2 protein chains.
Amino acid sequence: MYEKEISTAVIRRLPRYYRYLGELLAHDVVRISSKELSERMGVTASQIRQDLNNFGGFGQQGYGYNVEYLYNEIGKILGLDKKNRIIIVGAGNLGQAIANYGDFERRGFEIIGIFDVNPSIVGTSVRGITIRSAETLEEFIKVHEVEIAVLTLPKEKAPQVAADLAKWGIRGIWNFAPTDLHLPPHVMQENVHLAESLMRLSYKLKASEKNEKKRKL
Amino acid sequence: MYEKEISTAVIRRLPRYYRYLGELLAHDVVRISSKELSERMGVTASQIRQDLNNFGGFGQQGYGYNVEYLYNEIGKILGLDKKNRIIIVGAGNLGQAIANYGDFERRGFEIIGIFDVNPSIVGTSVRGITIRSAETLEEFIKVHEVEIAVLTLPKEKAPQVAADLAKWGIRGIWNFAPTDLHLPPHVMQENVHLAESLMRLSYKLKASEKNEKKRKL
């Protein structure tokens with residue numbers, strides 16, 4: 001459908017478009033202008049037009065965007081039109097939080113396995129999915145088709161486990177361990193570094209206090 | 001110390017510098033050149049020099065950066081030189097995962113309260129912190145100094161709770177609910193939208209498969 005390279009910034013914004021369009025769809029909104037969408041999302045209408053033009057421009061002058069069509073097309077671009085099978089490696093609180101987060105399934109992500117090294121939780125289950133021993137990971141990946149592995153384990157263990165998963169054929173790593181993984185180029189990774197996000201908030205707080213003090217001078 | 005506006009992109013990268021410098025410090029590294037740091041971090045040396053120049057340039061030609069000094073200075077910029085008191089609103093798996101994540105405390109973030117509406121968990125505790133009834137939130141905020149509230153609750157409830165927290169004086173919201181909050185301009189927010197992160201991974205997977213197919217043609 002589209003062939004040119006899309007900038008990282010646009011890709012970063014796509015899931016947000018997808019979320020907003022999904023909400024519109026849930027409220028039976030059939031079409032929306034870039035102006036209305038921009039007001040809801042808090043970005044400029046011209047940014048929206050520019051972003052969506054990357055994908056061939058789904059809008060029509062004076063008519064606006066067809067919400068369902070745009071939602072589905074962005075979904076395809078994001079790879080949500082096919083099933084993504086997920087395993088979770090590390091069944092602590094964070095791993096269990098993700099397993100319990102039903103929202104992923106609506107988007108074609110299916111959690112098919114949860115693994116841990118802790119024998120006291122192996123055999124118990126989360127949302128109907130049994131926690132398996134981490135020793136059975138390689139075998140499991142051989143037998144099942146798994147696209148994505150979620151790493152919710154201590155940072156000391158993450159690099160080795162990620163390397164093993166890559167060796168066993170996993171192509172996508174969603175990494176929550178606060179460390180950068182060095183993986184073969186064909187393995188895609190996305191990091192959620194929580195401490196870094198919290199530090200950005202702390203920065204904003206400090207900067208806003210500073211501005212306030214300046215205004216008061 | 002510095003007065004000019006710093007771009008969002010630089011701010012996004014600062015916590016990562018901070019993390020790497022912290023690791024170097026833990027390994028007793030005293031100084032590092034922008035070249036070495038760039039190799040570890042996988043960014044160009046000129047990017048590092050540019051980024052750090054925003055804060056007055058802590059490096060010296062031919063000597064490199066003093067790791068501890070740079071770590072502390074970035075820490076100050078990020079507001080980590082003072083205590084940030086945190087409350088967690090929503091004590092489900094995700095809220096508990098955050099409460100259990102000891103790493104935050106090393107960086108001056110202190111979790112002083114956890115709240116939930118579910119009477120069956122109110123009164124139990126996580127890492128020594130008692131889960132309190134959400135009804136006591138306003139009173140708690142009045143009595144304690146709280147800088148940051150973590151929202152780990154369903155998206156339907158997040159907007160109202162965030163508005164209440166802002167009214168009661170909270171200045172920083174770390175939002176995990178998959179919805180954008182519309183808050184007064186003096187309230188800073190940082191969002192962790194997990195589903196969006198997962199969709200970005202899904203996009204990368206699809207794009208990489210596509211490239212592979214092209215190479216094979």
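Biologist: What makes the pair Arg19(A) and Glu196(B) a salt bridge?

Modeller: In this predicted model, the side chains of Arg19(A) and Glu196(B) come to 2.7 Å, N to O. The cut-off is 4 Å between a side-chain nitrogen of Lys or Arg and a carboxyl oxygen of Asp or Glu, so a pair at that distance is called a salt bridge.

Biologist: How many salt bridges are there between chain B and chain A, and how many residue pairs are in polar contact across the interface?

Modeller: The count between chain B and chain A is 14 salt bridges, and the rule finds 31 residue pairs in polar contact across the interface, both residues being at pLDDT 80 or more. On the side of chain B that touches chain A, the element giving the most is H9(B), with 18 residues. By class, that side of chain B has 29 nonpolar, 14 polar and 24 charged residues.

Biologist: What is the area buried between chain B and chain A, and which three residues of chain B supply more of its share than any other three?

Modeller: About 6,200 Å² is buried between the two chains, with carbon and sulfur atoms giving 57% of that area. Of the area that chain B buries against chain A, 12% is supplied by Leu198(B), Met199(B) and Tyr203(B), more than by any other three residues. In terms of contacts, 67 residues of chain B meet 67 residues of chain A.

Biologist: Why is Asn84(B) called buried?

Modeller: Its relative accessible area is 2%, and the limit for buried is under 20%, so Asn84(B) is classed as buried. Asn84(B) belongs to strand E3 (residues 84-89) of chain B. Leaving aside neighbours within four places in sequence, Asn84(B) is in contact with residues of both chains, including Ser202(A), Leu205(A), Phe109(B) and Glu147(B).

Biologist: Why is Asp28(B) called exposed, and why does Arg127(A) count as partly exposed?

Modeller: Asp28(B) has 67% relative accessibility, and exposed means over 50%, so the term applies to Asp28(B). For Arg127(A) the relative accessible area is 40%, which lies between the limits of 20% and 50%, and therefore Arg127(A) is partly exposed.

Biologist: Where do Asp28(B) and Arg127(A) lie, and what is phi in each?

Modeller: Asp28(B) is in the loop between H1 and strand E1 (31-32) of chain B, and its phi is near 60°, a positive value in a residue other than glycine. Arg127(A) is in the loop between strand E5 (125-126) and strand E6 (129-133) of chain A, where its phi, near 50°, is likewise positive in a residue other than glycine.

Methods: Residues numbered from 1 in each chain as written. Chains lettered and ligands numbered in written order. Predicted model: local features only at pLDDT ≥ 70, side-chain atom pairs only at ≥ 80, totals over all residues. Heavy atoms only, no water. Helix = DSSP H or I, 4+ residues; strand = E, 2+ residues; numbered from the N terminus. Buried < 20%, exposed > 50% of the residue type's maximum accessible area, 1.4 Å probe, protein only. Contact = heavy atoms within 4.5 Å. Buried area = accessible area lost by both parts, 1.4 Å probe. Polar contact = N/O pair within 3.5 Å; in protein donor to acceptor, adjacent residues only side chain to side chain. Nonpolar A, V, L, I, M, F, W, Y, C, P; charged D, E, K, R; others polar.
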